[in-house]
Each structure stands twice: as C-alpha cells, then as structure tokens.
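Work through the two exercises below with the coordinates open. Each task is followed by a solution in steps.

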Amino acid sequence: MATRKTGDDLTNVIFTVTRDIMAAEGYQAVTFARIARESGTSRTVLYRRWSSPFALMTEAIQAKAHEVQGTLVDADFNTGSLRGDLIAMLTRYKHSADIMGRTYNRAILGEVSKEDNQDVTTFLAQLKQSNLFIVERILSKAQLNGEINNTTTDLVKLMPFELLRYRFLISDEPITDDFIAEVVDEIVLPAIMQQQPHP
C-alpha cells in the first residue's frame, strides 16, 4: 500500500500536478477535484490551504519561477549604470514571464473580468508593490551614483512592467533584447529624466 505523502512532499506533488494539468489542458482544467485525485490527497486538504484553484496555480507557478532563478524582488541589479540596471531588470522580468507562461498570465486576464475575485485583487496589489519596490531600489542607487537627483512617480516606475505585460499578453509579439532596450531608451529613461530638476 502506497504511503500517503504529507508536508513538503505533498506540496511539491500538488504543485507539479497543477502545473502539468495547466500546461497540457489549460487553466479551465485546473480544479481542486482533479488536482486532489492526481495528487493522492483530498479536496479538503486543498481547501484548507488555498481559497481557489487560481490561488493554488499562482503559488505553484511562482514556486517554479523561484526555483529556477530566485525572486525578482531579491535580485541585485548592479551593472554600474541606471540604463544597464533597467535593462537587466526587464530582462529578468521577461525570463520570469517565460517561466510562468502565457497560459497562466492569460488566466489572470480571465480572472480579472470576474466580479469580487479577491485572489486576483490581492495578487495584483502585491505585484504592484513588488514592481514599485524593485524600481525604487534601482533609482535610489542611481541617486547615490549621481545619475539622477530625484526619484520619479509611481506611474513611471510601473510603466516598463506594463509595457512588457501588454507585449506578452495582448500583442503576442516576442519580447526581444532589442525591444527591451528600446523601451528603456525611448520611453523609461526619457520619462525619468523629464522629472528631474532642470537648471
């Protein structure tokens, strides 16, 4: 008789099953009943830990991304210039999006359209704060290095992430190194410099 998995072992199995179902059949196939059956556990176990399949899927995808390259918020971008740090940040962000995949990212769009979806609301709020923190840390370093005098508005800080998300989710065009450099050189850096004091 097989031993029922518990703790971290069970969590890893649940995460793997969740990712496999989503990759093979799409977000709509990710249900607690299906995951419980294929993970060798019960729906009660899943309901105790996750409020919805979306919440479980988010944690499973993030666990994989963190396993591959760590967390974006903990990354140390230290190229020696503001431009270089912004490019490194967006390149890392692109890699995270690639790991998460279009199926998951488009599932977010589908969930956003539903009323009173607290899981998505919480996720997006956390994502926003994480993005702001990452850019603010880069800007603070640029201030210390004398490249800029002031930080910038939240709108400008969030703009590069929004542009890449649009490219990844809506336009379905590839995010190339040239595109990232173009975003930084033609949009983000000019917006930052526009908000610096002029002599």
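**Exercise 1: the surroundings of R34**

Leaving out residues up to four places away in sequence, R34 touches I21, E25 and A29. The model is a predicted one.

Task: Determine whether R34 is buried or exposed, and find the side chain with which the side chain of R34 makes a polar contact.

Solution.
1. Locate the residue: R34 lies in helix 2, which spans residues 32-39.
2. Take the relative accessible area of R34, which is 19%. The cut-off for buried is under 20%, so R34 is buried.
3. Check the rest of the helix: F32, I35, A36 and S39 are among the buried residues of helix 2.
4. Search for polar partners: the side chain of R34 makes a polar contact with the side chain of E38, at 2.3 Å.
5. Continue past the end of the helix: just after helix 2, G40 has a positive phi of about 75°.

**Exercise 2: a helix pair**

Task: Describe how helix 7 (residues 154-171) and helix 8 (residues 177-194) pack.

Solution.
1. Two packed helices are described by the angle between their axes and the distance between the axes.
2. For helix 7 and helix 8 the angle is about 155°, and the axes are 10 Å apart.
3. Angles over 145 degrees count as roughly antiparallel, and helix 7 and helix 8 are therefore roughly antiparallel to each other.
4. The crossing of helix 7 and helix 8 is right-handed.
5. List the contact: V156, M159, P160, L163, L164 and R167 of helix 7 meet F179, V183, I187, V188, A191 and I192 of helix 8.
6. Sort these contact residues by class: 11 are nonpolar, none is polar and one is charged.

Note on methods. Residues numbered from 1 in each chain as written. Predicted model: local features only at pLDDT ≥ 70, side-chain atom pairs only at ≥ 80, totals over all residues. Heavy atoms only, no water. Axes fitted to C-alpha atoms, helices over the stretch in contact; angles between N-to-C directions. Helix = DSSP H or I, 4+ residues; strand = E, 2+ residues; numbered from the N terminus. Parallel < 35°, antiparallel > 145°, perpendicular 65-115°, else oblique. Left-handed = near helix turned anticlockwise from the far one by under 90°. Contact = heavy atoms within 4.5 Å. Nonpolar A, V, L, I, M, F, W, Y, C, P; charged D, E, K, R; others polar. Buried < 20%, exposed > 50% of the residue type's maximum accessible area, 1.4 Å probe, protein only. Polar contact = N/O pair within 3.5 Å; in protein donor to acceptor, adjacent residues only side chain to side chain.
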